[in-house]
Amino acid sequence: MADSQVVIVGAGQAGLALSHELTGMGVDHVVLERRRIGETWRRRWDSFCLVTPNWTMDLPGFPYAGDDPQGFVPRDEIVAYLERYAASFRAPVQAGVEVQGMEAAAGGGFRLRTSAGDVHARQVVLATGAYQRPHRPSVASTFPSRILAIDAEDYTSPGALPPGQVLVVGSGQTGCQLSEDLCAAGREVSLACGRAPWGPRRLAGLDIVDWLSRTTWFEFPLSALPTPLARLTANIQLTGRNGGHDLHYRVLRAMGVRLLGHLEAVEGSRARFAPDLAQSVAFGDQRYAEMCAMLRKQLPAAGFDVPELPVPPPFVADPSLEIDLDGFGAVIFTAGFRPDYARWVHFPAFDPWGFPLAVDCASTVVPGLHFVGVHFLRTRRSSLMFGVGEDAAVVARSLVAPPPIASEGPAVP
Ligand SMILES: Cc1cc2nc3c(=O)[nH]c(=O)nc-3n(C[C@H](O)[C@H](O)[C@H](O)COP(=O)(O)OP(=O)(O)OC[C@H]3O[C@@H](n4cnc5c(N)ncnc54)[C@H](O)[C@@H]3O)c2cc1C
């Protein structure tokens, strides 16, 4: 069995940022990646662009070096940035090695069962993604079999779908962006909408991410969320496509996307939707109003003028409650993601929703086990390119100076 002091699982931005920190400290480690560096970004659809501005490609020791910090690079340039990053410090990535199971090793430490054989590690860091397993509502299985039903990660481009109308189920960032992609290609799109926050792309010519970075928005800690479930709330509806622009319900409707309520049921060739579109729009407007209130309060305190904050026009919702699926060729589920650790990590180290039980990225259940890159692991920025470096530094420090109990290895559950 191969032996390593530290094994990092996953070579996305989180695993690489940590590897960078450990390399700098001279800590022996290896990064096991089931496919390729930056695989999650590679699997996004063809027209995908970064949603946060280019300057946020700011992993430790490797700031954005291009000439368009306020732009939004396309998918392949994000991947290229991660590849350059890994090469810049010779990250010890073993690509094509999937970790299929993890348990306590008899003599202490961890035994990782991988597609390339067993590996023993004193300490393990799971960097397997902020958005691990696509969530499909239970109604998903009831669509007629002649309609192609896929998750967002299997969507590439409008031309790859069968002809006909498309139903997109879920209206977070991904659902809105896929609806735009399809609509721009001349496809008829219906969007089953849920509750998601929105915001303007720019205020007074500056990106919303820049404005929010001047406040405590991205520092918002997990402990301040009203419930642990709130970490499943969608990110702000926005896009970086075509230079970046607003992409919320009002914009999509003006584009010609048919907005519907939550998908409730499919009966034969009819799909039924809840009469809740107005409430979903109101939810987003309320979150926007709260964001405006925060900007008004915090910007002056930080020495900035408050930009003009546009008031959304009234939204009259009169959606169809039922549609005929006969003309539809595809349905795409974009109803969020769930953690997937419990499937292969054989420790009771997760909350009822599958998120790690952790403080400062260290498992509170299993000594020697750490996490990085999880949505709201420490703060709102934990899963973002310009936030994960901070968490990686916290993990690196903890790995070299673990609490005393960690030297005894994990408890066998
Ligand atoms: C639609 C969308 C748009 C986004 N836009 C932005 C944005 O504009 N800016 C931003 O900062 N963030 C954005 N994010 C968030 C960001 O993409 C993710 O948070 C980011 O990919 C997380 O990085 P990560 O390294 O934690 O995980 P990932 O990039 O998902 O990397 C995890 C890696 O682990 C590997 N892996 C998983 N399981 C195993 C296993 N068992 N064995 C071995 N390897 C394994 C995977 O193959 C993968 O390469 C976006 C997210 C989504 C869904």
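## A tour from a buried cysteine to the ligand

Start with C361, which is buried at a relative accessible area of 0% (buried means under 20% relative accessible area, exposed over 50%, partly exposed in between, with a 1.4 Å probe and protein chains only). This is a predicted model, in which local features need pLDDT of at least 70 and side-chain atom pairs count only at pLDDT 80 or more, while totals for chains, interfaces and linings use all residues. Residues are numbered from 1 along each chain as its sequence is written, and side-chain values use heavy atoms, with hydrogens and water left out.

**Stop 1: two positive phi values**

Stay on C361. It sits in the loop between β21 (358-359) and β22 (362-363). Strands here are DSSP E runs of at least two residues, helices are H or I runs of at least four, and both are numbered from the N terminus. Check the backbone: phi of C361 is near 75 degrees, a positive value in a residue other than glycine. Most residues other than glycine have a negative phi.

Now select A204. Its phi is also positive, at about 50 degrees, although A204 is not a glycine. The residue belongs to the loop between β11 (202-203) and β12 (206-207). Is A204 buried or exposed? A204 counts as exposed, with 67% relative accessibility.

**Stop 2**

Select residues 117-126, strand β6. Of its 10 residues, 7 are buried, so the strand is largely enclosed by the rest of the structure.

Which way does β1 run against β6? Strand β1 (residues 2-9) and β6 run parallel, joined by 7 bridges. (Two strands pair if DSSP finds at least two bridges between them.) Pick V6 and look across: Q123 in β6 stands opposite.

Turn to β5. It runs antiparallel to β6, with 5 bridges between them. R111 has H120 in β6 as its bridge partner. Follow the chain from β5 into β6 and you pass through a hairpin of 2 residues.

Strand β23 (residues 369-371) also joins β6, through 3 bridges, and the two run parallel. Show V124 and L369 together: V124 stands opposite L369 in β23.

G109 lies in the loop between β4 (99-104) and β5 (110-114). The glycine is buried, with a relative accessible area of 0%.

**Stop 3: strand β10**

Select residues 189-192, strand β10. In a regular strand the side chains alternate between the two faces of the sheet. Here V189 and L191 point one way, S190 and A192 the other way, and all are buried.

**Stop 4: T334**

T334 is buried, at 9% relative accessible area. What does its side chain reach? The T334 side chain comes to 2.6 Å from the backbone oxygen of G170. That is a polar contact: a pair of N or O atoms within 3.5 Å; within protein, one must be able to donate a hydrogen and the other to accept it, and residues adjacent in sequence count only if both atoms are side-chain atoms.

Show the rest of the surroundings. Leaving aside neighbours within four places in sequence, T334 is in contact (heavy atoms within 4.5 Å) with A152, V168, V169, G170, S171, T174, G175 and L178.

**Stop 5: the ligand**

Finish at the ligand. How many residues surround the ligand? There are 32, and the closest are E33, T40, V51, T52 and M385. (A residue counts as near if one of its heavy atoms lies within 4 Å.)

By class, the shell has 16 nonpolar, 11 polar and 5 charged residues. Nonpolar covers Ala, Val, Leu, Ile, Met, Phe, Trp, Tyr, Cys and Pro; charged covers Asp, Glu, Lys and Arg; the others, Gly among them, are polar.

Colour α1 (13-25), β2 (29-33), α2 (39-42) and α4 (173-184): each supplies at least two residues of this shell. The largest share, 3 residues, comes from α2.

A polar backbone atom of Q13 is 3.0 Å from one. For a polar backbone atom of A14 the distance is 2.9 Å. A backbone N or O atom of M385 lies 2.8 Å from a ligand oxygen. Taken alone, the ligand exposes 980 Å², and the protein buries 96% of that (areas by the Shrake-Rupley method with a 1.4 Å probe; for residues, only the protein chains shown count as cover).
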